[in-house]
Amino acid sequence: MEKVAIHYKDSSGDISERLISNFQPEGMDAVDAFCHMRNARRTFKLANILYAADPDSGEVIENVWKKFGLAIASDGRERIESRVAASLTAIKALKFFTLTERGFAKRERDHLLRLIKQHSDVADSYSDEEIDEWLQKLWCGDVYAYRNGEVSEYESLLRAIPVSLKSTCRETALAVAAGSKRRPLAREVLERVDCEFGA
C-alpha cells in the first residue's frame, strides 16, 4: 500500500505531520485518504499540503496535484497549481510578504507574475490575465493573525521555500518593497527581506 508523509495545515491554521494512504481524488481540490494519525479517513485540501514526501525514501513530492490525480482542470489544461507546484510555497510566501508590506495592487502583482513565469511553463497555456486572476485568489495565510503577532503560519511558508528559489525570492521581495523607487528602502525593510528571504 502506497503511503505519503505530509505536513498539513488544517482549517484552524494548525500544522501537523500526517501519514496518509489509500488516497483518491475528492472533487477538483482535495484528496480523500486514510490518515494514520487519526486512524480514519479524512479529506485533505491540496492547497493546505505544505510538504509531501515518500516516507520510505524521503524523496520530496513536488507536485501533489499530479501525485493525487488532480493536475488537469475541467477545461482540459493542466491546472496552474500543478504547473507552479515546485515554486508554490515561494509564491505564497511572497504574496504574504507583499500583502503585509505594501498591499497587493497591480504593480506588486506584476513582480510575482514575473517570478511565476520565470520558474514554470504556465505561460504556455494561460494568459497573464488568467495567471493574475489565479494569483489574486490564491490563499497564502491569515494576514490579520500575522498583524496580531501570530507568525507561525507565515514562518512555515518561509521554511518551505526551496533553497534554489531563495535568491530569486529575495530579489522579488526587494522589487516589491521598492515600489515606485522614489524613496530609498528603509533599513528595517531591508532587514526584513534579508531575514525572511536570505539564503
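1. Start with cysteine 140. Its sulfur is 13 Å from the closest cysteine sulfur, which belongs to cysteine 169. That is too far for a bond, because a disulfide needs the two sulfur atoms within 2.5 Å. Note that this is a predicted model.

2. How many disulfides does the rule give? The count comes to zero. As background, a disulfide is a covalent bond that joins the sulfur atoms of two cysteines.

3. Cys169 is one of the α8 residues that touch α9. Helix α8 covers residues 166-178, and helix α9 covers residues 187-197. They pack at about 155°, and their axes are 9 Å apart. The two helices are therefore roughly antiparallel, because the angle is over 145 degrees. Their crossing is right-handed.

4. Which residues make this contact? From α8 come Lys166, Cys169, Arg170, Ala173, Leu174 and Ala177. From α9 come Val189, Leu190, Val193, Asp194, Glu196 and Phe197. By class, the contact of α8 with α9 holds eight nonpolar residues and four charged ones. It has no polar residues.

5. Helix α3 spans residues 88-101, and helix α4 spans residues 106-118. What is the angle between α3 and α4? It is about 170°, with the axes 11 Å apart. So α3 and α4 also run roughly antiparallel to each other. The crossing of α3 and α4 is right-handed.

6. Now the side-by-side residues of that pair. Ile91, Leu94, Lys95 and Thr98 sit on the α3 side. They meet Glu108, Leu112, Leu115 and Ile116 of α4. The contact of α3 with α4 divides into five nonpolar, one polar and two charged residues.

7. Where does serine 127 lie? It is in the loop between α4 and α5, and α5 covers residues 128-137. Serine 127 counts as partly exposed, at 30% relative accessibility. Leucine 113 is 14 residues from serine 127 along the chain. The C-alpha atoms of these two residues are separated by 11 Å.

Terms used. Residues are numbered from 1 along each chain as its sequence is written. This is a predicted model: local features need pLDDT of at least 70, side-chain atom pairs count only at pLDDT 80 or more; totals for chains, interfaces and linings use all residues. Side-chain values use heavy atoms; hydrogens and water are left out. Axes are lines fitted to C-alpha atoms, for helices over the stretch in contact, and angles run from 0 to 180 degrees between N-to-C directions. Helices (H or I, at least four residues) and strands (E, at least two) are DSSP runs, numbered from the N terminus. Angles under 35 degrees count as roughly parallel, over 145 as roughly antiparallel, 65 to 115 as roughly perpendicular and the rest as oblique. A crossing is left-handed if the near helix is turned anticlockwise from the far one by less than a right angle, and right-handed if clockwise. Contact means heavy atoms within 4.5 Å. Ala, Val, Leu, Ile, Met, Phe, Trp, Tyr, Cys and Pro count as nonpolar, Asp, Glu, Lys and Arg as charged, and the others, Gly among them, as polar. Buried means under 20% relative accessible area, exposed over 50%, partly exposed in between (1.4 Å probe, protein chains only).
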